[in-house]
Amino acid sequence: MTYFLIGDSITLTLFVILIFAFTYYIYNLLTNNIFRRIGIPGPTPIPFLGEIFNVIRKGLYKNDMDLVKKYGKIVGIYEGTSSIILLSDPDLLRNVLIKDSYAFINRRSAEGLIGPLEHGLLSLKDDHWKNARAIVSPTFSTAKLKAMYSLMDQTSDMFNDRLLEYADKQEIFNIKEISQHFALDTIGSCLFGIETNSLQNENATLVKHLKGIFTLSLANLIIIVYFISPRLARYLYTKGYSILPKNTMDYLTELLNQILNRRRQHLERRNDFIQIMVDHEEQVKHDEQQTGTLTKTLNDKEILGQALVFLLAGYETTSTLMSFFFYVMATEPEIQEKVYQEIQQEIGDNEIKPDNINQLHYLDMVINETLRMYPPVIRFDRVASNDYRLGDYQILKGFIISVPVYPIHHDPIVWPDPEKFIPERFSSTEKAKRHPMSFLAFGDGPRNCIGMRFALLEAKIAIVKALRVVEIQCCEKTEIPIKLNKLKVLVPKQGIWLRAVRRSQ
Ligand code: HEM
């Protein structure tokens with residue numbers, strides 16, 4: 001009996017302490033809301049969660065649309081306990097991303113939570129980032145992309161074969177899945193010299209691992225924990241609960257180490273990222289011996305970090321672009337016909353080369369309009385490295401500026417009738433009339449997407465090859481309008497189901 005009474009009083013005391021702590025937290029939040037003090041408008045945060053509750057409920061892109069509509073082009077929000085400025089004012093964005101980029105050189109990164117990815121370009125900071133970006137950039141130069149062209153040609157042939165197979169069997173297919181396999185095979189082949197062959201073997205181990213990364217619900221849970229308490233998320237990481245599954249990271253690390261070692265031992269040579277890193281290492285060693293000058297190279301961890309980032313950053317984004325592109329082809333047959341006619345006029349049945357791909361201006365406009373309507377990355381961010389004057393507001397060092405790409409791309413003032421697909425918005429005359437910060441599918445400034453030209457080239461080769469031989473059509477499972485998933489990357493909820501019909505010769 002005494003035991004229960006003591007037990008009850010402890011429970012009661014704990015309960016009272018909790019109520020006090022909670023009330024104090026809310027009081028603090030309401031009175032100490034940093035944005036209120038600075039004068040930046042925004043919603044009253046839900047304790048501990050901030051906007052996370054609304055994001056889970058509505059989806060990030062939808063919630064961003066609502067916030068910008070209600071509060072304007074500078075909105076102060078909380079994501080868990082982190083304070084974030086959602087910035088969509090084009091002049092201020094130009095300052096943050098380009099003019100004053102020295103003060104916003106870093107992104108927010110989940111240190112202590114992402115293992116080898118911490119050494120990748122997406123997360124690196126300050127001079128570590130500058131150094132790595134300078135060493136990695138030649139991988140995506142015009143000359144290197146041209147050299148990778150024949151490899152892209154091979155993977156797009158496989159993509160094409162898959163579409164023809166479906167056409168001949170009169171089967172419908174999920175274009176998202178085929179595009180994922182294509183993107184993976186192309187990155188594997190062009191950047192690491194591995195034949196993943198996922199277009200032919202969907203159950204290849206690498207494919208299974210990568211699919212796991214993008215579908216894991218546990219990862220989403222850890223991300224939510226990270227927003228509420230980065231410390232708790234880091235503690236969970238040490239206990240094996242990670243945003244990225246440990247077995248996948250171990251598998252990828254082992255695979256890439258094997259490739260690196262083979263190249264160092266000169267057992268094979270290819271025109272790819274790993275080769276550029278190994279050649280750079282050897283060149284630096286040689287220069288050091290000749291001149292005694294010390295130049296920085298990337299160590300194994302850093303090379304691995306970049307390789308993993310390329311895989312993760314290039315796989316989902318490029319396949320998202322391609323699947324929405326084919327969705328548009330099916331739902332807007334007149335646009336498909338115009339793209340096809342342009343391909344016939346400019347290339348016909350001739351061999352496809354990077355130079356004649358560049359002549360396809362209408363295709364380029366359609367791809368840009370696809371990226372406007374369905375931007376694969378709907379948010380990216382920068383962290384202020386100093387106190388900074390952001391328009392009328394004085395913000396502090398450490399503030400996070402987050403760029404809500406979706407509302408920027410759907411702003412009816414800049415893009416009249418924003419839900420309508422109009423490729424002509426990207427004609428050179430229309431483009432010249434717009435603020436350059438109105439279209440940010442690949443970000444901007446020194447930290448923009450390093451893989452942009454790679455992604456556009458691979459997508460265009462595959463698209464041109466495909467549309468020469470098949471016509472894309474809607475099928476009974478095509479969702480119109482399409483329902484989108486709620487994550488940071490814009491993906492269709494149930495896949496995109498289409499049909500391909502062989503064109504008559
Ligand atoms: C349609 C395809 C793609 C889209 C829409 C896309 C979009 C983006 C965006 C929005 C960013 C952030 C830019 C910023 O902060 O200003 C980014 C960064 C990045 N992307 Fe992409 N990306 C795509 C394909 C690729 C590919 C194929 C690769 C690699 C092969 C890649 C590698 C990267 C890397 C490494 C960064 C970080 C750059 C840095 O911090 O220096 N991306 N991407």
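## Questions on the predicted model

Modeller: α14 (300-331) and α20 each supply at least two residues of the shell around the ligand, and please keep in mind that this is a predicted model.

Colleague: Which helix gives the largest share of the shell around the ligand, and how many residues does this share hold?
Modeller: Among the elements that supply at least two residues of the shell are α14, spanning 300-331, and α20. The largest share of the shell comes from α14, and this share is seven residues.

Colleague: Which of the 25 residues around the ligand come nearest?
Modeller: By class, the shell divides into 16 nonpolar, six polar and three charged residues. Of the 25 residues around the ligand, the ones that come nearest are Gly314, Thr317, Gly443, Cys449 and Gly451.

Colleague: At what angle do α7 and α20 pack, and is α7 parallel or oblique to α20?
Modeller: Helix α7 covers residues 142-169 and helix α20 covers residues 452-469, and their axes lie 9 Å apart at an angle of about 40 degrees. Because angles under 35 degrees count as roughly parallel and those of 65 to 115 as roughly perpendicular, this value makes α7 oblique to α20.

Colleague: Is the crossing of α7 and α20 left-handed or right-handed?
Modeller: The contact includes Leu145, Met152 and Phe159 on the α7 side, and Phe454, Leu457 and Ile461 on the α20 side. The residues of this contact divide into 11 nonpolar, two polar and five charged. As for its handedness, the crossing of α7 and α20 is right-handed.

Colleague: Does leucine 191 count as buried or exposed?
Modeller: Leucine 191 lies in helix α8, which runs over residues 175-192. A residue is buried if 20 or more other C-beta atoms lie within 10 Å of its own. Because leucine 191 has 25 C-beta neighbours inside 10 Å, leucine 191 counts as buried.

Colleague: Which residues does leucine 191 touch, not counting those up to four places away in sequence?
Modeller: The C-alpha atoms of leucine 191 and asparagine 271 are separated by 8.1 Å, although the two residues are 80 residues apart along the chain. Leaving out residues up to four places away in sequence, leucine 191 touches Asp272, Phe273 and Phe310.

Colleague: For the protein as a whole, what percentage of the residues count as buried?
Modeller: The protein has 20 helices and nine strands. Among contacts between residues at least 6 apart in sequence, 73% join residues at least 24 apart. Of the 505 residues of the protein, the share that counts as buried is 38%.

Conventions:
Residues are numbered from 1 along each chain as its sequence is written. This is a predicted model: local features need pLDDT of at least 70, side-chain atom pairs count only at pLDDT 80 or more; totals for chains, interfaces and linings use all residues. Axes are lines fitted to C-alpha atoms, for helices over the stretch in contact, and angles run from 0 to 180 degrees between N-to-C directions. Helices (H or I, at least four residues) and strands (E, at least two) are DSSP runs, numbered from the N terminus. Angles under 35 degrees count as roughly parallel, over 145 as roughly antiparallel, 65 to 115 as roughly perpendicular and the rest as oblique. A crossing is left-handed if the near helix is turned anticlockwise from the far one by less than a right angle, and right-handed if clockwise. Two residues are in contact if their C-beta atoms, placed from the backbone, lie within 7 Å. Ala, Val, Leu, Ile, Met, Phe, Trp, Tyr, Cys and Pro count as nonpolar, Asp, Glu, Lys and Arg as charged, and the others, Gly among them, as polar. A residue is near a molecule or strand if its C-beta atom, placed from the backbone, lies within 6 Å of it. A residue is buried if 20 or more other C-beta atoms lie within 10 Å of its own, exposed if 12 or fewer, and partly exposed in between; C-beta atoms are placed from the backbone.
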